[in-house]
Amino acid sequence: MSYREKQYETILVRMEDPGICIIQLNRPKAFNAVNVKVLDEAYEILTGANDDPEVKVIILTGNENAFAAGADLKAVKDYNAFQARDFLDKVHRTIFAIEDNHKPVIAAVNGLALGGGLEMVLASDIRIVADNATLGLPEINLGIFPGAGGTQRFPRSASICIAKQYIYTGDFFDAATAEKIGLVNMVVPAAEVMDTAIKFAKKLCKKSPLAIREAKNAVNMSMNTDIKTGSRLEQLGWSILFSSEDQKEGMSAFLENRKAEFKGR
């Protein structure tokens, strides 16, 4: 059964034209706190969307009160070290299913984005946040620290000193601060978050899926390689696109002064 046909316990999935897959975390009473069921279902859906030729863009969202409020502490509090490691394996598997997804992922954030919730946002390509959202990595106050990539992606999006400030203190910060330090793309009124995300997604749907995939890979690799290695990877991805119909269509359309119609092949 396709991921689009299944009924999930903790996540809602729907498609919107012209190829937008909306993945909504759906544990409202728990402020979308992350447990094993959320991780397993999210991973299945993300990998399904990754392989689905009808999906061009993914929007990851929560509800009006919370994108996600971090790990479900009732579920993880009594873990031993090995259980904690197993849990974090699932967390990282899901986070990388966001970051490495062939499709661009837009995080549409209302309410709370804390701990693992913020770490999901940091793994997303485009981050659209409500003006009344609250963000933070409060794990230090629990006797631990961010373990879902927060110590890695926060300093790559902002700066190492700003990352240390919020990781060491666990202080919350608002959407305006997140925008100021470069953590998010745009801040909009809460009622406009999803409309803004869909509008942006529709814009991306008009681009070549193959070109976006290769561009995403090149940008992501730039965070983990020296500039010469990254440039070689960029060169490889750029050259590969010349074997695609989309490249021929894009350049022909430009020369013929018309809009390109990309097919993703």
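Let me begin with the largest pocket of this predicted model, where about 870 Å³ of space lies. As for the secondary structure around the space, the elements that give two or more residues to the lining are α2, which spans 73–76, α3, which spans 81–99, and α4, which spans 116–123. Among the contributors, α3 provides the largest share of this lining, with 6 residues.

Let me turn now to the second largest pocket, which has a volume of about 730 Å³. Here 30 residues form the lining, and those closest to the centre of this second pocket are Glu99, Asp125, Val219, Asn220 and Met223. Two or more residues of the lining come from each of α3, α4, β7 (126–130), α5 (150–157), α8 (193–205) and α9 (209–222). Which of these elements gives the most to the lining of the second largest pocket? That is α9, with 8 residues. The lining of the second largest pocket divides into 12 nonpolar, 10 polar and 8 charged residues.

To bring the two parts of the talk together, α3 and α4 each give two or more residues to the lining of the largest pocket, and α3 and α4 also each give two or more residues to the lining of the second largest pocket.

Technical notes
Residues are numbered from 1 along each chain as its sequence is written. This is a predicted model: local features need pLDDT of at least 70, side-chain atom pairs count only at pLDDT 80 or more; totals for chains, interfaces and linings use all residues. Side-chain values use heavy atoms; hydrogens and water are left out. On a 1 Å grid over the protein atoms alone, a cavity is a set of points where a 1.4 Å probe fits but cannot get out, and a pocket is an open set with protein on both sides within 12 Å along at least five of seven lines; lining residues have an atom within 4 Å of a point. Grid points are joined across faces, edges and corners, and a volume is the space filled by probe spheres set on the points. Helices (H or I, at least four residues) and strands (E, at least two) are DSSP runs, numbered from the N terminus. Ala, Val, Leu, Ile, Met, Phe, Trp, Tyr, Cys and Pro count as nonpolar, Asp, Glu, Lys and Arg as charged, and the others, Gly among them, as polar.
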